[in-house]
Amino acid sequence: MLLGQACDMSTVKLLNVWKSRNLNRSCFDRCILWNTRIHDYEATRGLGTDSEKETGRKRGLRAADIAERLRREKEQNKDTTNKVPVSPVQRHVAELKRFTQQLQSVHPNVFSKALSKSILYQDQTLIAINKPYGVPVYSNGSIRNSIAASLPVLAKIIDGAKAGSALHICYSLEKDTTGILFLARTEETAERIHNLIRTHQAEKRYMVITVGVPVPSEGVIDIPIIEKEVMGDQHHFKMGLSPLYRPDDEGGGLVRVRAHRQALGAVTRYKVLDSNSGCSLVELQPVTGVKHQLRVHTALALACPILGDHKYAHWNKLAPQKLPEGVLRRLGLEQSKTRHLPLHLHVRQITLPGVRGHGDLTVSCPLPKFFTEALRKLQIELPEKP
């Protein structure tokens with residue numbers, strides 16, 4: 001009876017079991033010790049209700065209760081660790097990363113439905129969509145969703161599951177480029193649009209944010225581009241400039257050099273629309289269509305790389321773009337976070353020449369949210385008309 005008064009109800013139950021089953025005394029002592037440890041654990045972790053703390057150890061805590069409380073604490077710590085950064089720009093970057101990952105993780109049918117809501121223009125022969133960031137035009141082994149793979153389902157969504165519906169890509173865009181992408185309903189139309197762009201009859205206008213202010217503020221870049229091998233610890237290949245002129249020996253003029261056989265002619269018109277905080281909003285109009293032409297001409301010819309262009313911000317290495325302190329302050333970023341900046345390269349407007357008596361077709365596309373947010377942070381004005 002004295003033992004029952006000294007122990008709580010759990011210990012009394014253990015005593016009854018010991019008496020009924022004739023367990024040895026050492027086993028019973030271990031049971032009492034375990035019960036005491038549970039109470040000690042409860043006191044240390046601050047578990048149990050307020051009434052239990054006031055009245056002492058009245059009831060032992062079950063192992064299931066301890067496991068549940070530990071699980072809750074772990075989830076709370078995980079939520080704290082995964083909190084979105086406080087900075088608005090960092091928050092937008094985090095949202096962009098999640099959105100890109102979401103586009104690659106959703107079912108292809110869901111992705112096709114999302115594309116159907118981004119249609120900018122549609123007629124009996126052509127459809128223009130707003131290509132999202134981080135989505136390639138053509139599939140590769142490591143990426144689940146692409147524009148090309150979604151076309152069969154997208155065609156059925158647009159035409160109401162009509163038999164024989166099909167869409168064809170007219171030209172390609174880089175994975176991280178956003179903006180207008182034309183899709184044709186027939187192969188003949190797709191080939192026609194492709195030829196218009198290839199022969200420079202279609203007018204394409206891009207908008208970019210550059211790190212730096214191009215001088216002069218308007219001009220034409222006419223420098224061939226060639227793929228080059230970059231030696232060093234990070235061996236890789238990049239598109240680079242292959243100039244037709246070099247300074248003469250006296251440094252007072254230019255001397256024409258022989259063109260490299262593998263170099264491709266590249267011409268880009270550019271115009272600075274506004275600048276502030278060490279960055280500029282620039283309109284680019286490619287006359288030719290060489291791989292990475294706009295990125296190479298801005299970074300290497302104008303010495304003003306595109307914001308978020310981690311490939312051409314450095315020549316000798318592969319590393320996140322290094323931004324000036326003033327730009328970092330405006331964007332609310334640390335240098336270690338610049339790797340999350342997306343490429344600010346957007347197809348703003350395309351004009352196709354009229355055929356068969358029809359007038360020119362001009363399609364415009366709004367800037368993505370991350371682009372306009374960067375402009376706001378940098379206090380750069382966006383023209384009212386594209």
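Guide: Gladly, and let us begin with the chain as a whole. This is a predicted model, and residues 24 or more positions apart make up 62% of the contacts in the chain that have a separation of 6 or more. The secondary structure consists of 12 helices and 14 strands. The chain has 386 residues, and 41% of them count as buried.

Now to the pocket you asked about. The largest pocket has a volume of about 640 Å³, and 23 residues line it. Nearest its centre you will find Ser172, Lys204, Tyr206, Gly289 and Val290. By type, the lining splits into 10 nonpolar, eight polar and five charged residues. Three elements, α9 (187-198), β5 (203-211) and α10 (293-301), each contribute at least two residues to that lining.

Besides being among the residues nearest the centre of the pocket, Lys204 lies over the face of Tyr171, 4.8 Å from the centre of the ring. Elsewhere, there is another lysine to set beside this one: the charged end of Lys311 sits over the ring of Tyr312, at 6.0 Å from its centre. As for rings facing rings, the structure holds one aromatic pair.

Let us now follow the chain around β5, starting with the loop that joins α9 to β5, where His200 is found. His200 is not a glycine, yet its phi is positive, at about 65 degrees. Is His200 buried, partly exposed or exposed? His200 counts as partly exposed because its relative accessibility is 43%, which falls between the 20% and 50% limits.

The peptide bond joining Val215 and Pro216 is cis, with omega at about -5 degrees.

With a relative accessible area of 48%, Gln379 is partly exposed.

Notes:
Residues are numbered from 1 along each chain as its sequence is written. This is a predicted model: local features need pLDDT of at least 70, side-chain atom pairs count only at pLDDT 80 or more; totals for chains, interfaces and linings use all residues. Side-chain values use heavy atoms; hydrogens and water are left out. Rings of Phe, Tyr and Trp (its six-membered ring) pair if their centres lie within 6.5 Å; planes under 30 degrees apart count as stacked, over 60 as edge-to-face and the rest as tilted. A charge sits over a ring if NZ of Lys or CZ of Arg is within 6 Å of the ring centre and within 35 degrees of the ring normal. On a 1 Å grid over the protein atoms alone, a cavity is a set of points where a 1.4 Å probe fits but cannot get out, and a pocket is an open set with protein on both sides within 12 Å along at least five of seven lines; lining residues have an atom within 4 Å of a point. Grid points are joined across faces, edges and corners, and a volume is the space filled by probe spheres set on the points. Helices (H or I, at least four residues) and strands (E, at least two) are DSSP runs, numbered from the N terminus. Ala, Val, Leu, Ile, Met, Phe, Trp, Tyr, Cys and Pro count as nonpolar, Asp, Glu, Lys and Arg as charged, and the others, Gly among them, as polar. Buried means under 20% relative accessible area, exposed over 50%, partly exposed in between (1.4 Å probe, protein chains only). Contact means heavy atoms within 4.5 Å.
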